[in-house]
Amino acid sequence: MALIELENLTIHFGSYAAVDGLSLSIAKGERFGIIGESGSGKSMTAMAIAGLLPDLAKVSGRILFDGAPLPQDEQDMARLRAQNIGFVFQEPMTALNPLMKIGKQIEEALVLSDAPKRGDTAIAALLDEVGLEAKHAERYPHQLSGGQRQRAMIAMALAGEPELLIADEPTSALDVITQRKVLDLIAEVSTRRQMTLLFISHDIKAVAVLCERVGVMQKGKLVEIGATADVIANAKDSYTQKLLKATRIDRLTDGTFVGPEPLLSVEAATRAYAQGGRFFGRQEPVKAVSDVSFSIGKGECLALVGPSGCGKTTLARMIVGLDSATSGQFVFDGTRYHGKDLPPTRRADISLVFQDPFGSFDPRMTIGQSLGEPLPLRGALSPLDRHARLVEAISAVGLDPKMLDRYPHEFSGGQRQRLAIARAMVTRPKLVVLDEPVSALDVSVRGDILALLAKLRAEHGLSYLIISHDLDMVGAMADRVLVMEKGQIVEEGAPQKLFAQPQHSLTKALVAARLPEVFAA
């Protein structure tokens, strides 16, 4: 018997159809996945089922929950949602209340769902079910790691013992080990509780691991549906075939780089953060980075991998001059520095591509203004020369110079990532640091961005430091890989050898957590 039935569901925002005539049925106890690129209508479908669409949305068609239409009264819908539908959002830090302890937020979910068991015992039981200790109830969201926050979100979603669990991109921002643990947790909990699961993702590998059936959406329409294994093995729609091919990344480097001379040397770099204070007493400093040494050759692509919180981004911030080392130093092309004392003339030679391109652009500035911000590092330029540099940078990433007058919100996710790369390239740097450059992108866009990075590297002789938890991307791009754990480098080597024959326990765990390939050439 079906728990969810959608009959010709259409969701309009003005003249734009976010979902267009969608019909499908999800059985009780089934694990069903929806895949597709950003803007395909996946999340809008989930929000419609949960009654969470914004007021501007105009909805037609029918949504049946356990044979009955969704309530039209908001209080009745809120009651159904609290008692029968659990929702795990993509970004738990945004979904959780930063001013409330985790235990209080779970207690709130228990009260709203009218759960028979409440109080500390019920909260502890929910935390235990998702693999968290009872002590986490007394912590605030910012005191938990990304994986712990996601587990806390799942605990809240399970509070009302729902019949349906909706998980919207719950693992897209997690490292590979945490991602696998969260996927295994969702599978285990949904099976044990006999819940129906609706899993929304652009990651076909995650859907293949978790879901029995899958639907493929494109531009608001369902273009293919069937058993997951059948759709992967015998995809009929050209769009589905394109998505499957995009999951495999071909090797984009021959593994060689220009000469043995280092462009950047990191010499015993350490970054320690003080703990405690006037009211809490003095405590031992926490070392985010501890005695790290390595070098990047001219023209080399070096990758830095490791779980969240291991110190990767802290190290990158020191290299580009956004933070300073507590001890140790860096040598960039003959210039010695400790972090923030990096000379302005050298700052132009080291560029950073941030993980979130939308968040790194000022929404009040045009793209031309944003791309031009780093140019003063190269000295005064005439208006004509400045414009020529902007045209050169945006053209290099495959975008039209006419777009320079647009604002960030007028671009797609893939275009914004291209613009972030253009901003990094505008000063004609020697080293580009890329912090998770494709983690938030659809698989089809990811391949285009990686091909662009490989092209720019070959044309301009760039050196790259890539920070990522995506081992597939690292294997395609990097000449050499460093594995980082608890602020230290624990293993290094060429990606082919390192991933085939890992020696350190962390490297073995990273390789073991990789999701299986779903497309064979």
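The entries below go from the whole chain to the salt bridges and then to the cavities.

**Entry 1: ground rules.** I am working with a predicted model, in which local features need pLDDT of at least 70, side-chain atom pairs count only at pLDDT 80 or more, and totals for chains, interfaces and linings use all residues. Residues are numbered from 1 along each chain as its sequence is written, and side-chain values use heavy atoms, with hydrogens and water left out.

**Entry 2: overall build.** I find 20 helices and 20 strands in the protein; these are DSSP runs numbered from the N terminus, helices being H or I with at least four residues and strands E with at least two. For 521 residues a compact globule would come out near 24 Å, and the protein agrees, with 24 Å. The C-alpha trace spans about 70 × 55 × 45 Å along its principal axes. I note that 53% of the 521 residues count as buried, where buried means under 20% relative accessible area, exposed over 50% and partly exposed in between, with a 1.4 Å probe and protein chains only. Of the contacts (heavy atoms within 4.5 Å) with a separation of 6 or more, 69% come from residues 24 or more positions apart.

**Entry 3: salt bridges.** I took a salt bridge as a side-chain nitrogen of Lys or Arg within 4 Å of a carboxyl oxygen of Asp or Glu. The count by this rule is 29.

I looked at Asp20 and Lys221 and found a salt bridge, with the closest N and O atoms 3.1 Å apart. It links distant parts of the chain, since Asp20 is in strand S2 (residues 16-27) and Lys221 in strand S10 (residues 221-227), 201 residues apart. Asp20 is partly exposed at 28% relative accessibility, and Lys221 is partly exposed at 40%.

Asp66 and Lys28 also meet in a salt bridge, at 3.0 Å from N to O. Asp66 lies in the loop between strands S4 (58-65) and S5 (68-69) and Lys28 in the loop between S2 and strand S3 (31-35), so the pair ties together parts 38 residues apart in sequence.

For Arg81 and Glu74 I read 3.3 Å between the closest N and O atoms of their salt bridge. Arg81 counts as buried at 18% relative accessibility, whereas Glu74 is partly exposed at 48%.

I also traced a network of salt bridges linking Glu261, Lys298, Asp333, Arg346, Asp349, Arg378 and Lys430.

**Entry 4: cavities.** On a 1 Å grid over the protein atoms alone, a cavity is a set of points where a 1.4 Å probe fits but cannot get out, and lining residues have an atom within 4 Å of a point. Grid points are joined across faces, edges and corners, and a volume is the space filled by probe spheres set on the points. The whole structure has three cavities of 30 Å³ or more.

The largest cavity has a volume of about 460 Å³. Its lining has 25 residues, and Gln179, Asp203, Arg446, His469 and Asp470 lie nearest its centre. Helices H7 (176-193), H17 (443-460) and H18 (471-477) each supply at least two residues of that lining.

The second largest cavity has a volume of about 40 Å³. Its lining includes Ile35, Val214 and Leu244.

Terms used: On a 1 Å grid over the protein atoms alone, a cavity is a set of points where a 1.4 Å probe fits but cannot get out, and a pocket is an open set with protein on both sides within 12 Å along at least five of seven lines; lining residues have an atom within 4 Å of a point. The radius of gyration is taken over C-alpha atoms; the globule rule is 2.2 Å times the number of residues to the power 0.38.
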